[in-house]
Each structure stands twice: as structure tokens, then as C-alpha cells.
Amino acid sequence: MISRTQNAVKKIVEQGYNVVPLFPNGKDTHDLNWQNRKYVIDDFLDDSNIGINLKLSNLLDVDLDCDLAVHFGKLWLPFNTLKLARITPLDGENKRVEITHFFYLNNQSLKENQTLNNRNGKAIIEYRCSGQTVVYGKTPSKADPAVMVDRQFYVDEQKPIYVDNLQQIVNKIYIAVKLCSYNVGANKGVLKLDSCIMRYTDWSDTEREDFIWQIVQITDPNSKDCTFKKMQGCVRSNNKEKRNSGYVSCANQIGADEKELKNLFALIGSIPSSDNYEKTKSIVDFNTVSLDMPTLMKTELPPMLWAVGGILPEGFCCLAGRPKAMKSWTALKLVYCVQNGLDFLGHKTIQGDAIYFGLEDSQRRIKDRVEKLGLSKMKQPQIVLGGDVPYLGFGFEECLENWIKSKENPRLVVIDTLARIKPRQSKSAGTAYDADNLLMNGIQKLAVQNNLTVLFITHLSKAVQDYSFDKIQGSVGVQGMTDAMWMLDRGDGLNSKASLKGRGRDILDFEYALTWDNETMSYSFDGNLDVINQNENRSEIIKAMTELHKDGVDQIRPRDVAKHYGVTANSKDGRRMARTMQRMADQFEIIKGSKYGTYVYRSNKDKNGEDII
């Protein structure tokens, strides 16, 4: 007969979750390999506790570890999801039932477990993507080990859901609990708190009103000003001010440590990078700052400057490509060409000072590449290796600005690769788009304001994209910030040529055919890719049809040509050949056969072997 425990296991497994057998009245298991093992009902004893394997079940667990976290979690966490209640016995038959665990589908945003603690080191919230959570059975209470806490798992009532902004909600609950330990109150403290929320976050007025109202009800519940109407007044008052209090003023008012409060606000928004700098709200009259367009249209402005004429303008630019597309070799040659005013891929460069950040290279590799490229006797650009380069946002922009000021004619900066100077993104930085925009804003401004080109190298993702530039690694914020984008492809298929594709704000779209030369370790420029491909495709068809005709095949199908080259008709190259033959027939370069879908070889010589004019 199936036991009560095994019946609980059966229900949980039927919902698609992976379970773990635990010791009776405990949270541990005897199996050291439990993280990777899928258990069955027979693995559970009658008195076993049941854990749920978060990773194998693809679940995120928000574990509310204190009373205030439970309180705020009930207010702000999405409720229509899988939940777990903690049942604590009270006096007599009374019990306290609290929802302490909220489970959501893992959208892969959380890479490792987080534990957010109070100042005494006790957990406020645990946010976990791996490990196991006890969902059935009793365990000792954290507050009093003599008290056994039971659980109620609502496995039949609700399925877990996806929540895109779950990290932000978890941070919000954590911050609310922390703020409740300070002397916020219902007057100046809450006014300055809302001022910081307004300045550092993108919360709406409604979100601000609700948040400070919940805090005041905990920190100053007996005040006559503890009313929702008063909180609405605080928000309206801050909205009218031209300058509002920052975290320093707020910390002094509520008795908090400045740095600690600053770090709290960083979890829900964006704060100044310097403790001495604070944003101020600005009121601008657009009528007085708008452009005088009649005057502007008559004003002679300096022309745009280029690193490579027509294809690489001033601004923040990107060179992307697959691994081993020879991006670094190409970029290094580009730096030398600009430093010496030499042509690059069939285009004129504008001579000027250049610097190359070889962030993945050593001295030996740089020397070897310069010698193989035949550039050792040229005028040398500046080259800096990775160990001497700070991260973006941590000094790189300031160092680059100093270099720009030290040169008479700064023209090109190459960063190889961007990933090497990107700091680890904060989990509170918002969306990837927001994070990339914030991170690269400074260097983009440097490029534009100083009329020089900053070219960074990055990779392409493996994902299939309808829009080819979406393959560039990072968010679309990377594309949005750049003034021009290059994509370098070395080619890997039948009749597939190397190519360089470009798109940007101030350049026309281009796609050039290139040829890689292992002797010079560089690409040569062949011309427009479309024209060259068309000519080569047509030559390929004519050659195949000529040889098939000699073998006695008169009515030639596209699959015959494909087979001649050893590919299938449904392959990428086979379909390309079929399209080329159709275009050639439309332009009377070959003749359609008497049978549907066939073509006839047409020689360019008459019966006497003379050329047909």
C-alpha cells in the first residue's frame, strides 16, 4: 500500500518536478549525487521528508526568511504561481500559516544563488536557482529548534510562471526590510527617501506612493501623518522641486550609513558613480534652447572626418565576426594603415595618430604579427596590452581622453576586444539594453566630441537571426550606440567568399568581397560582393553545363549541375545554383529546355567553330 509520503511524491512528480528524499524531520539527504539524480517513488521511505530539486525542475525559489520579508513579499511578489507555506504551531491548537516560498520558472537570468542579509548577518531573502527546498515534512524552527515547523505545498493549485523583472522585485523587498530598520518616520525622513527614489529609479508616482506608504506604516505607525494622503503629498512635493535630496542627505536624516544606503539604492536604480556627484533635476525652456534653423542652414560646418574614406567614419564603431575570422589581424593592419596614411581594402585612409589596445595579446604575439604583416619598418602606432588597461567606467574613458589631448591629430582607437574591458554587470543594472547604453555612453561621447574613430572588436552569436547584424554579441543597445558596424566573414562553403559588410548612420550600406592570403596574413579587396558572386555563379553554371553537354546530356536540370559539383539539390548551394540558372534563362544567357524545369546548353561558337558575334 502506498504511504502518505509516497502519495505526496506521486503528486509532485506528476506535475513535472524532480524530488529529493530527505532524512525524517531534516533538510539533508544521504546521497552525495542528489543534484544530478532523478528519483522515483520507491526511493522514499514512509517517514521521509521531500525536497524539490530546483535546477532539474527549472525553478527559481524566492525564500522569505523573516517576518518583514513575508509581509512585503505578499504585497509585491506575483501571487499566481507555485507557492509553499510554513505552518508554525502556536498555543493550543492555533497555527500560523505563512506563504514563505514563491516558485517561478527559471528564465536563466539568475546564474547563482543569492542570500541577502541584514546587518547582523541573518538572512532576509534567499533567491535560489539551484539546491533543494523542503516541500513536505517537518523541520526544526530557526527561532526555536524545539518547535517543529510543517509545510503545505500548493502543488495542485497553481503552475509556476515566468516573471521578467523578478530580480528587481526581490531587491525591492530586501530594501524595504532594510529601510524598516532605520528611523524613516512619516515626515522629513520619508520625504527624503522618496526624493532618492525619484532621482535614482524610473518608478512611477503610483509605485513611489505605495512603497513609502508601506515603509511608514512599519517605521512610524502611530504618527498622525501616517496616512496615504500624506504620502501622495510627499510625491507631489518632490515632483515640483528643482533640486532634491540625495542619498547623503537621506542617510543623515534617517540615521543610516551613507555608503550602505547608496548600495541599497543601486539595487533598484542607477546612482552617481562618485559620492561627491549628485544629479539635479533640470527645468529647461525648450523655446530658448531650440536650434536657430535659418542660421544653421547658412553656417559652414567642418566636414566629417574619416579613418577610412567612405566606410569608417568618426564616432563609435564596431567590427564583429566569428572566431578565427582574422579580426585582430585585420584591425592591427588597419591601425598601421591609418598611422602611415596607406590604403586599406581599396580605400584611402586619413593619416593620423592611432592606438591599438591588444587586450588578448602578448608582446611575442604582437611582434610576430607585425613582422608577418610586413609592417615592422613602418611608422609605429601605439600599442597597449591588456594588463595596463582599466575597465570601462573605472578609468578607461579618462585615460583615453588624456591620450587624445596628448596628440596633435588623434584619428583611430581600436579596442580588441570590447569584452576585455567590460566590467561585470550589476544584477541591478536593469535590462541588458540599459546596461550597455549606460556603460558605453561615455566612450561614444568621447569619439563624437573629439572627431575621431573608436573601433571596438566583438564576436557574433551562434543563434540564427533574420537580421544579420543582430548576431553581434550583446544587446541591441550595442547596435544603438554605434555609429557604424562592420561584419567580417571569412567564408566557409562552396563558392563562398570572404566578405566585409557595413552599415551605419553616416555611411551607405556596403558588402565587399575579400580574399584571405596566408602569405601576407591579410585580406585583399576584390570588389562588390554581389557583382563578383553573380559573375562567379554564372561561370560555375556555364562550366558545368559545358561538361554535361559533352557527356551527352542535352536537357539539363539544376539538380544535374548540383550533382556535378557533389552537392544535393536541396542544399544551400544547390538552391543557389537553381536560382542562378533561372536568372540566366531570363536574361537569355542559357535557353529553357523543351521539358519543364530543364535548360539547354548554348555554345558561343557556330558549327564551323567560329565565335558568334
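Asp-31, Arg-37 and Asp-43 are linked in a network of salt bridges. The structure described here is a predicted model, and 23 salt bridges are found in it. This briefing covers selected salt bridges, surface patches, cysteines and backbone features.

**Salt bridges**

- Within the network of Asp-31, Arg-37 and Asp-43, the bridge between Arg-37 and Asp-43 has its closest N and O atoms 3.7 Å apart.
- Arg-37 is partly exposed, at a relative accessible area of 34%, and Asp-43 is also partly exposed, at 28%.
- Another salt bridge joins Asp-65 to Lys-142, with 3.0 Å between the closest N and O atoms. This pair links distant parts of the chain, 77 residues apart.
- Asp-65 lies in the loop between strand S3 (59-64) and helix H2 (67-76), while Lys-142 lies in the loop between strand S9 (139-140) and strand S10 (148-153).
- Asp-65 is buried, with a relative accessible area of 15%, whereas Lys-142 is exposed, with 60%.
- Arg-420 and Glu-360 also form a salt bridge through their side chains, at an N to O distance of 3.5 Å. Arg-420 is in the loop between strand S16 (410-416) and helix H14 (432-449), and Glu-360 is in the loop between strand S14 (353-358) and helix H12 (363-372), so the bridge ties together parts that are 60 residues apart in sequence.
- Arg-420 counts as partly exposed at 49% relative accessibility, and Glu-360 counts as partly exposed at 34%.

**Surface patches**

- Lys-572, Arg-575, Arg-579 and Arg-583 form a positive surface patch.
- Arg-583, one of the residues of this patch, belongs to helix H18 (residues 572-586). Its relative accessible area of 36% makes Arg-583 partly exposed.
- A nonpolar surface patch of about 530 Å² consists of Leu-291, Met-293, Leu-296, Met-297 and Leu-301.
- Leu-291 is placed in the loop between helix H9 (286-289) and helix H10 (293-298). With 63% relative accessibility, Leu-291 counts as exposed.

**Cysteines**

- A disulfide is a covalent bond between the sulfur atoms of two cysteines.
- With a cut-off of 2.5 Å between cysteine sulfur atoms, the count of disulfides in this model is zero.
- Cys-226 counts as buried at 14% relative accessibility, and Cys-234 counts as buried at 4%.

**Backbone features**

- A cis peptide bond runs from Asp-416 to Thr-417, with omega near 5°.
- Asn-58 has a phi near 55°, which is a positive value in a residue other than glycine. The position of Asn-58 is in the loop between strand S2 (49-53) and S3, and the residue counts as partly exposed at 28% relative accessibility.
- Lys-324, although not a glycine, has a positive phi of about 65°. Lys-324 sits in the loop between strand S13 (315-321) and helix H11 (327-340), where the residue is exposed, with a relative accessible area of 67%.

Terms used:
Residues are numbered from 1 along each chain as its sequence is written. This is a predicted model: local features need pLDDT of at least 70, side-chain atom pairs count only at pLDDT 80 or more; totals for chains, interfaces and linings use all residues. Side-chain values use heavy atoms; hydrogens and water are left out. Patches are made of residues with over 30% relative accessible area and no salt bridge: like charges are joined within 9 Å, nonpolar side chains (Val, Leu, Ile, Met, Phe, Trp, Tyr) within 5 Å. Accessible areas come from the Shrake-Rupley method with a 1.4 Å probe; for residues, only the protein chains shown count as cover. A salt bridge is a side-chain nitrogen of Lys or Arg within 4 Å of a carboxyl oxygen of Asp or Glu. Lys and Arg count as positive and Asp and Glu as negative; His and the chain ends are not counted. The place of a charge is taken as NZ of Lys, CZ of Arg, CG of Asp or CD of Glu. Helices (H or I, at least four residues) and strands (E, at least two) are DSSP runs, numbered from the N terminus. Buried means under 20% relative accessible area, exposed over 50%, partly exposed in between (1.4 Å probe, protein chains only).
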